[in-house]
Amino acid sequence: MAGLDPATQGHALRLRHWVAGSRFAWPAMTDRFDTMTIYDSITPTRTLDILRIGHKGDGETADGIYVPFTVPGDKVTVEVEGERGRIVQIVEPGPTRVKPLCQHFVICGGCALQHVETTAYHDWKRDQVVQALSQRGITGIDVAPLVAVAPRTRRRAVFTARLVNGAVMVGFQERGSHFIVDMAECHVVHPDLFALVPRLREALADVLPEQARAEVDVMRAGNGLDVVLGVGRMTLDGALRTRFADMAGKLGIIRLTVNGELVAQSEAPVLDWAGAKVTPPPGAFLQAVPDAEAALQTLVTAAVGNAKRVADLFAGCGAFTFPLARHAAVAAYDSETASIEALAVAARNAKGLKPITAERRDLFRRPLLKHELDTFDAVVIDPPRAGAKAQCEQLATSKVKTIAAVSCNSTTFARDARTLIDGGYTLKSVTPIDQFLWSPHIELVAVFERS
Ligand SMILES: C[S@@+](CC[C@H](N)C(=O)[O-])C[C@H]1O[C@@H](n2cnc3c(N)ncnc32)[C@H](O)[C@@H]1O
């Protein structure tokens, strides 16, 4: 790396440590990320041109070699192993390569695309949806521009913590490894979540067994932080329970659950959807970013329009149920007992909404059947990443007029969209939303109408 300016050397060093698999404190600086030699390779290398970014966020060459952290137009020297390339040198940077914001970028497993200029990054994300549809023969759809979300707005994150020689590391996991990035900054999570990280380091040192790993699931509710800790190799006894409860008090955590047991609660966490106050069960599914959730709610309620009876399938704790119930009677279904109970309790106490029913049902094994679906004017469907194959096969036979489909996986969405279209639905619109900032994942809302 001789001859490189110190800033570029800093980044080169971090990349080299990532590439070489070694790990120790890399220089805490953010710098240029352009032409540089990253390390002196001892294995044969090839110089490649990057043509595009593939669907997992890695740059791709014409002959199908994937090189992480590259952009179209990059000329890079790489070590190639099978279909994977590791950068040794960026010979010529592509036009959309930019300086990543975060000092942990490349090493941290949280972000994959901070090195791509914003417009190009947005276009790439939107294009992933267009391509997924086109792979199922669905073309000519006017996919809307990506709805962007601001950095530092994620309200939910799962950190990993570990006590090593009396000191606790807290952060996301390194890319492709179980090592922890002892986080000094993060441009994705809400500042309240990030502010908890140094305080967790101190507090967990008193409670974690040496070498034990803990998963720390933090959710920012309307009235404070809700934390779910999963600690390996630890039996929760009376003394530990008291120490965890003290920790919750000191950190101002309003609810703390440890290894499935509620150990402290000063207030029940509350989320407000259309005036309904919902207390989600510990660790329940929630849309990760409030602004993304608001965009989803707006698109879903607009799609449903004046429908009088709506089914909310894969309803979770009711992020769509309650906004929909401003104008329509809603039947909510989800397989998680605790989420459906939380939804039902909030529905009983809600004021000014149309009737809501809540039913626990496994929609993979027992999808709503045609005769059940035909009692609704509209259906909202928001399955997990696996999609909703069985449920969409039933919907495809139904008379339901409007389907608002929410998805966090373009590939399974496109498969299910094909089923609906083959059943006679028209895909009217698709709107991608950047809920998972700088990751290759995309959220979307699609509207289907039966003509
Ligand atoms: C992407 S989340 C959507 C939740 C909700 N619509 C929201 O926006 O907060 C998917 C939901 O599907 C539920 N789920 C997963 N598998 C299911 C199944 N087989 N049957 C019914 N619900 C399921 C999960 O419990 C989760 O609440």
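Cys111 is buried, at a relative accessible area of 11%, where buried means under 20%, exposed over 50%, and partly exposed in between, with a 1.4 Å probe and protein chains only. The closest cysteine sulfur to that of Cys111 belongs to Cys108, and because the two are 6.4 Å apart, they are too far for a bond. Cys317 is in no disulfide either, its nearest cysteine sulfur being that of Cys408, 16 Å away. Cys317 is also buried, at 3% relative accessibility. Across the whole structure, the search returns zero disulfides, a disulfide being a pair of cysteine sulfur atoms within 2.5 Å.

I should state the basis of these values. This is a predicted model, in which local features need pLDDT of at least 70 and side-chain atom pairs count only at pLDDT 80 or more, while totals for chains, interfaces and linings use all residues. Residues are numbered from 1 along each chain as its sequence is written, and side-chain values use heavy atoms, with hydrogens and water left out.

The protein chain has a mean pLDDT of 91, and 91% of its residues reach 70 or more; pLDDT is the predictor's confidence in each residue, from 0 to 100. Over residues 1-13, however, pLDDT is below 50, and the model gives this stretch 31 contacts beyond near neighbours in sequence, a contact meaning heavy atoms within 4.5 Å. Where pLDDT is low, the predicted coordinates should not be read in detail.

I turn to the sheet. Seven strands form an open sheet with mixed pairing, in the order β18-β17-β16-β19-β20-β22-β21. Strands (E, at least two residues) and helices (H or I, at least four) are DSSP runs, numbered from the N terminus, and two strands pair if DSSP finds at least two bridges between them. At the edges stand β18 (356-360) and β21 (425-433), each with a single partner strand, so one side of each lacks a neighbour in the sheet. From one strand to the next, the twist averages 15°. Helix α5 (residues 290-304) packs on the sheet, and its direction makes about 5° with that of β22. Such angles run from 0 to 180 degrees between N-to-C directions, with axes fitted to C-alpha atoms, for helices over the stretch in contact.

Which strand holds Asp217? Asp217 lies in β10 (residues 213-221) and is buried, with a relative accessible area of 12%. Among the residues that Asp217 touches, beyond four places in sequence, are Arg156, Asp226 and Gly283.
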